Amino acid sequence: MTRLDQIRAAEAKLLLHTYDRNPILFERGEGAYLIDENGAKYLDLLSGIGVNALGYAHPAIEKAIVEQSRKLIHVSNLFYHEGQAELAQRLADRTGMDRVFFANTGTEAWEGALKLARAHAGLLRSEGKQISTKFLAMEQSFHGRTFGSVSTTHKAKYREPFGPVVPGVEFVRFNDIADLQAKFSSDVCAILVEAIQGEGGVRPISQEFFAEARKLADSTGALLMVDEIQAGMGRTGKWCAYQQYGIQPDVTTLAKPLAGGIPLGAICCTEEAARAIHAGMHGTTFGGGPLACAVAIAVIDTLEKDRLLAHAAELGDYFMDQLRGLAKKHEAIIDVRGKGLMIGAELDSADLAKLTVAEMLKRHIVINCTSDTTLRFLPPYILDRTQVDTAIAALDEIFTEHAAAFAGAHNSQAAGGQKRG
Ligand SMILES: *Cc1c(COP(=O)(O)O)cnc(C)c1O
């Protein structure tokens, strides 16, 4: 039995069966590469799931972890430490927000944002405004796995086994302005969007729909809340994907790449939204601890020093151009979407998408497939052109070899993302 076989057998016996893992045992990483137990190198175009923005073994992250761990790893939120205000200032400046709350994960940040919206609507009611408690969430949305977050997540398989989920959520057809207008009323306390839907298939919100959501929210005092957990922190070439649209929400959430692999989430909001929260209403044991804050500060400062937002924008354009070139050659690629280094290539067959991920892995390139038919690329921002070229050449080879077998396979699975919703 190899070491990997032993671990697989032990996990199969001991863990809740929540994951179907790839049979690879990674031991370490270097830059944009993961290295397995046999020393084989894999080009990582997924970076965790959009987490390792600076790749692996980055000296700035190592330095922050070593230095901070010698001073203070945890101190609870009963006391001050140096990191929270310093990091909050950086986030406020870059998100265009006034105040920050630190959590540990994406779902916990989103969960807190939902509570904030309900509390804010309650405050407005106490001031005589007509506003109720309903959330308008989007079809194909993904906001996390805890009860509130999963209740605002569209895919039925994530919600239904756990029902009844949190009530008061209605789903709007994404980018359908008429549907949004029809479902919006003074019952709504918040409109919930991702500027680019991640798990939903790398689908950007439309300018018109986003602007209408802003306008409707303004008309009643409801909050416009943008989940930037996947798209934020520079991945699209701006700190937040909503900045691509020039639309400022009332609340945004950050997590995945925020502390370069150390768990950290954040709610960033306006002074108006923050009015609803008083001491004791919300909190966390671990959130915003000294270690996570020190690392997040190092990540932000490195992104800036190394001009990695501009790099993500420019390399993302190159990557998408190359994918569009492939789409001209291979009919199986029916759409290429995204912004910066958040990229999706939709295929006409779910089976081909699955096979492509496996074939890429055989060629030692890590990608994944989301929403059944969309190949998703969320590489570290330190990726370079040569590495993009390597991935494109591998995809070209795979489609040349295998796409014919799936040709015309506009099977029922091809629209699976929508179908299951
Ligand atoms: C990943 C993700 C979440 C959930 O984050 P976790 O850290 O896994 O809880 C929420 N929203 C979006 C858009 C995400 O991509």
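Biologist: Which polar side-chain atom lies 2.7 Å from an oxygen atom of the ligand?

Modeller: A polar contact is a pair of N or O atoms within 3.5 Å; within protein, one must be able to donate a hydrogen and the other to accept it, and residues adjacent in sequence count only if both atoms are side-chain atoms. Here the atom belongs to Gln230. The protein buries 82% of the 380 Å² that the ligand exposes when taken alone (Shrake-Rupley method, 1.4 Å probe). This is a predicted model, in which local features need pLDDT of at least 70 and side-chain atom pairs count only at pLDDT 80 or more, while totals for chains, interfaces and linings use all residues. Residues are numbered from 1 along each chain as its sequence is written, and side-chain values use heavy atoms, with hydrogens and water left out.

Biologist: Which polar side-chain atom lies 2.6 Å from a nitrogen atom of the ligand?

Modeller: That atom is part of Asp227.

Biologist: How many residues does the largest nonpolar core have?

Modeller: A nonpolar core is a set of buried Ala, Val, Leu, Ile, Met, Phe, Trp, Tyr and Cys residues joined through side-chain atoms within 4.5 Å, where buried means under 20% relative accessible area (1.4 Å probe, protein chains only). The largest here has 92 residues, and Ile191 and Phe210 are among those with the most contacts inside it. At least three of its residues come from each of domain 1 (3-58 + 307-410) and domain 2 (72-305), with bounds from an automatic or database domain assignment. Another core, of 35 residues, lies apart from it and includes Leu315 and Phe406.

Notes:
Buried < 20%, exposed > 50% of the residue type's maximum accessible area, 1.4 Å probe, protein only.
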